[in-house]
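User: Please go through the pocket lining and the nonpolar cores of this model with me.

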Amino acid sequence: MFFFAKIFWIVSQPVTISFFLLALSVLLMLFSFRRLAIAAGLVSLALVFVSFYTTAGALIVQELEDRFPRPAAPADAACVIVLGGGIATKVDGVRGGYNLDDAADRYIEAVRLAGVYPNARIIMSGGDGSLTGGNVKEAVVIRRMFDDFHIDPARVEYDAESRDTYENTINTRAILQRLNLDHCLLLTSGFHMPRAVAIFRNLGMNVTPWVADYRTTGKQGLRLSAGHPIDNADLLTTGLREWIGIVAYYFAGRVSTLYPQ
């Protein structure tokens, strides 16, 4: 399932589909299927335009982020589950340290919560999610970060074997059962929270969604965008990846609802 999902996503990204359609248009033109060639080329251009020059991506991500607004801070928390996905593992494996990427808020918030709830256990779940493997595991990098921020190592459980969200959940459940913990804060990016919550609930775990890493303002409408085209395309890619993941997990029986509340 892991390898299939990775390969499927590579070929289903908007930019990849646009490239395939453009290549198809050229082939159809070579074989004198002029109308079909023009249609494929126009669809390719339309997809590029929507991806790079509209707020379609922001709108999709915003809907995912707003599904689970961050609740009022509880008076106490027994544990905080941190899902990986905010480390440039390929770079860290060579240069060392902890090079954070766009989802770095997950770890900044984890450090903050460790101070707010000094008695809470922390579960850091994240391995090497690359298709080929061979990169440094995310939990290994974050261990260095938590140590540098003087978080007591006895408080933290590290899962360095998870390659995707489903494996995050399976391995986290084993840790929770071993430590006899329940009703934890679940810390991940806003766009990722619906899929993560759906998996945790499907496996019988009660968690409180605790969102970090917002990508939108929450007031986004559909319009032409004057922002950076690459950023627009990245938001669309992020939103579609989450929806594809939710739908795929639903049909694979890994979640019981397409869009949890």
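User: How do the residues of the lining of the second largest pocket divide into nonpolar, polar and charged?

Analyst: The model is predicted. In it, the second largest pocket has a volume of about 180 Å³. Its lining includes Asp 102, Arg 215, Arg 223, Asp 231 and Asp 234, and Asp and Arg count as charged. The division is two nonpolar, four polar and five charged.

User: Which helix gives the largest share of the lining of the second largest pocket?

Analyst: Among the lining residues are Asp 231, Asn 232, Asp 234 and Leu 235. The helix that spans residues 229–251 contributes four residues, the largest share, and this is α10.

User: Which residues touch the most other members of the largest nonpolar core?

Analyst: This core holds 27 residues. Elements that give it two or more residues include β1, α7 and β4. Beyond its neighbours within four places in sequence, Phe 146 is in contact with Ala 110, Val 111, Ile 122, Ile 151, Val 156 and Tyr 158. The residues with the most such partners in the core are Val 82, Phe 146 and Leu 187.

User: How many residues are in the second, separate core?

Analyst: Ile 123, Phe 200, Val 211 and Val 255 are among the members of this separate core, and its count is 23 residues.

User: In what sense do β2 and β3 pair?

Analyst: Four of the five residues of β2 are buried. On one side, β2 pairs with β1 over five bridges, and Ile 81 stands opposite Ile 123. The pairing of β2 and β3 runs over four bridges, and its sense is parallel.

Key
Residues numbered from 1 in each chain as written. Predicted model: local features only at pLDDT ≥ 70, side-chain atom pairs only at ≥ 80, totals over all residues. Heavy atoms only, no water. Core = buried A, V, L, I, M, F, W, Y, C linked by side-chain atoms within 4.5 Å. Buried < 20%, exposed > 50% of the residue type's maximum accessible area, 1.4 Å probe, protein only. Contact = heavy atoms within 4.5 Å. Pairing = 2+ DSSP bridges. 1 Å grid on protein atoms, 1.4 Å probe; cavity = no way out; pocket = protein on both sides within 12 Å on 5 of 7 lines; lining within 4 Å. Points joined across faces, edges and corners; volume = space filled by probe spheres on them.
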